[in-house]
Amino acid sequence: GAILIKGPIGPLVSLLTVGALAFADRQAGWLQRLRPLGGSALCAALVLPWLISIGLTSGGKFYGESVSHDLFGKIFAGQDRGWLPPGYHSLLLFVFFLPQITLLLAGLRQGWRARQEPLQRFAFAWLIPLWVLYELIATKLPHYVLPAYPALALLAALLLTSSTKLPDNRFWRFAVWAQASALILLALVTAAAALYLGALLQLALPAAVGAIALAWRQARLYWHQPVTSAACGFGGGSLLLLALFGAVLPGSAGFWLSPQIATTYFTDRRCSFMSRLVTNGYNEPSLVFLAGTDTLFANGGPYTAQLLQQDPCTVAVVRDGQEAIFFAELAALTTPVEKTGQAAGFNYNGGGWQTYQFYRQALPSRFAPAEGYEALWQTRPPLPPLYSNVHP
């Protein structure tokens with residue numbers, strides 16, 4: 001499943017963990033008990049049909065794009081948002097693990113002291129090489145390091161369920177109350193954002209109030225009832241996420257690009273059932289689910305203009321900054337177009353705030369709406385093969 005969804009990342013986590021354990025123990029005989037040959041054969045039987053199929057369908061372009069552009073681009077070139085220095089993921093840990101960050105720090109300290117124990121040893125073999133790898137690669141998006149988070153949670157839980165007392169001195173008391181204050185501050189900001197947007201206040205405000213109460217309770221019980229304290233942190237963090245993702249963000253309509261693009265497309269298309277959307281500068285897979293599987297990603301170049309010239313039922317969405325090439329190709333093709341709409345929002349996948357313009361072919365007056373544009377489908381060229389839109 002991990003290979004089919006995210007390529008080599010799943011096996012990479014396993015191989016790094018196995019390699020780290022083998023290196024630390026100076027032996028890997030235990031690996032035979034995991035039946036690696038049979039497991040690898042079963043994995044190949046499940047994965048190879050798709051790998052072969054996509055390779056044949058794309059004429060090998062899928063692998064060239066995935067390896068040379070996507071994988072190597074992320075490792076060496078800082079794809080999506082440019083190069084970021086090592087330490088980026090470590091700093092974000094204080095945000096993403098916030099409800100339990102003090103428990104995690106204490107668990108890391110205690111786990112390292114007990115690193116000869118099997119569970120702690122396994123957790124560090126999982127965590128350290130993967131974390132170092134993600135800190136070293138050029139591209140750093142916040143979610144990349146999530147496959148290491150279960151190992152962090154394991155170390156925190158090992159401390160919580162052991163007989164070891166939680167560290168108690170001036171530093172740790174400050175850290176516990178700083179953690180609670182940060183969670184309370186985030187809850188207040190979330191409640192203020194919900195009030196400003198008017199977004200599902202009946203959900204956001206009670207959730208924010210509950211998160212504040214549980215954060216305060218977590219800090220009060222930290223040393224006296226650590227398990228209950230951790231449960232309060234879990235509850236407070238969950239309520240905060242509920243307010244944020246259940247009310248505030250869904251209420252921020254201007255934030256989401258894919259739904260805006262899909263809605264504008266369905267409004268602007270002239271062919272009700274035979275239309276398709278081609279994008280220039282926006283390649284998020286979510287758009288395919290919203291606008292239909294005929295959606296094509298042009299990735300720049302003249303491909304968008306060529307499709308628009310060939311098919312009056314096509315709607316093109318072009319990102320600001322990429323219109324020069326688009327219009328130059330339209331002029332070469334002598335294709336008149338009309339602007340039909342605009343969408344603006346935040347591309348959270350490293351793109352920032354973006355604006356997109358919608359165009360369709362301007363048809364001669366002889367194509368009157370009463371005649372029905374669906375008849376144009378008869379002269380429409382066939383869809384290009386999958387992935388031929390990557391490098392036209």
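Predicted model: local features only at pLDDT ≥ 70, side-chain atom pairs only at ≥ 80, totals over all residues.
User: Where does Thr190 lie, and why does it count as buried?

Analyst: Thr190 lies in helix 9. Its relative accessibility is 8%, and buried means under 20%, so Thr190 counts as buried.

User: What about Pro129: why is it called partly exposed?

Analyst: Pro129 comes out at 23% relative accessibility. The partly exposed class runs between the 20% limit for buried and the 50% limit for exposed, so that is where Pro129 goes. The residue sits in helix 7.

User: What is Pro129 in contact with, leaving aside neighbours within four places in sequence?

Analyst: Leu16, Ala20 and Phe124. As for Ala148, Pro129 is 19 residues from it in sequence and 9.6 Å from it in space, C-alpha to C-alpha.

User: Staying with helix 7, how do you describe its packing with helix 8?

Analyst: Two packed helices are described by the angle between their axes and the distance between those axes. For helix 7 (residues 118-136) and helix 8 (residues 149-160), the angle is about 145° and the axes are 9 Å apart. The crossing is left-handed.

User: Which residues touch the most other members in the largest nonpolar core?

Analyst: Leu93, Phe97, Leu127, Trp131, Tyr149 and Leu152, out of 29 residues in that core. The elements giving two or more residues to the core are helix 6 (101-113), helix 7, helix 8, helix 9 (170-197) and helix 10 (201-221). Helix 7 gives the most, with seven residues.

User: What does Trp131 touch, not counting residues up to four places away in sequence?

Analyst: His89, Ser90, Leu93, Val145, Ala148, Tyr149 and Leu152. Apart from this core lies another one of 14 residues, with Tyr265, Leu277, Tyr282 and Ala291 among them.

User: On to the sheet: what is its strand order, and what makes strand 2 and strand 4 edge strands?

Analyst: The sheet is open, with five strands in the order 2-1-3-5-4 and mixed pairing. Strand 2 (296-297) and strand 4 (337-347) each pair on one side only, and they are the edge strands.

User: How do you know that strand 1 and strand 3 pair?

Analyst: Strands pair if there are at least two bridges between them. Strand 1 (residues 276-280) and strand 3 (residues 314-319) have five, so they pass, and the sense is parallel. One of the residues involved is Thr279, whose bridge partner in strand 3 is Val317.

User: How many helices and strands does the protein have, and how much of it is buried?

Analyst: There are 15 helices and five strands. Buried residues make up 39% of the 392 residues.

Methods. Residues numbered from 1 in each chain as written. Heavy atoms only, no water. Axes fitted to C-alpha atoms, helices over the stretch in contact; angles between N-to-C directions. Helix = DSSP H or I, 4+ residues; strand = E, 2+ residues; numbered from the N terminus. Left-handed = near helix turned anticlockwise from the far one by under 90°. Core = buried A, V, L, I, M, F, W, Y, C linked by side-chain atoms within 4.5 Å. Buried < 20%, exposed > 50% of the residue type's maximum accessible area, 1.4 Å probe, protein only. Contact = heavy atoms within 4.5 Å.
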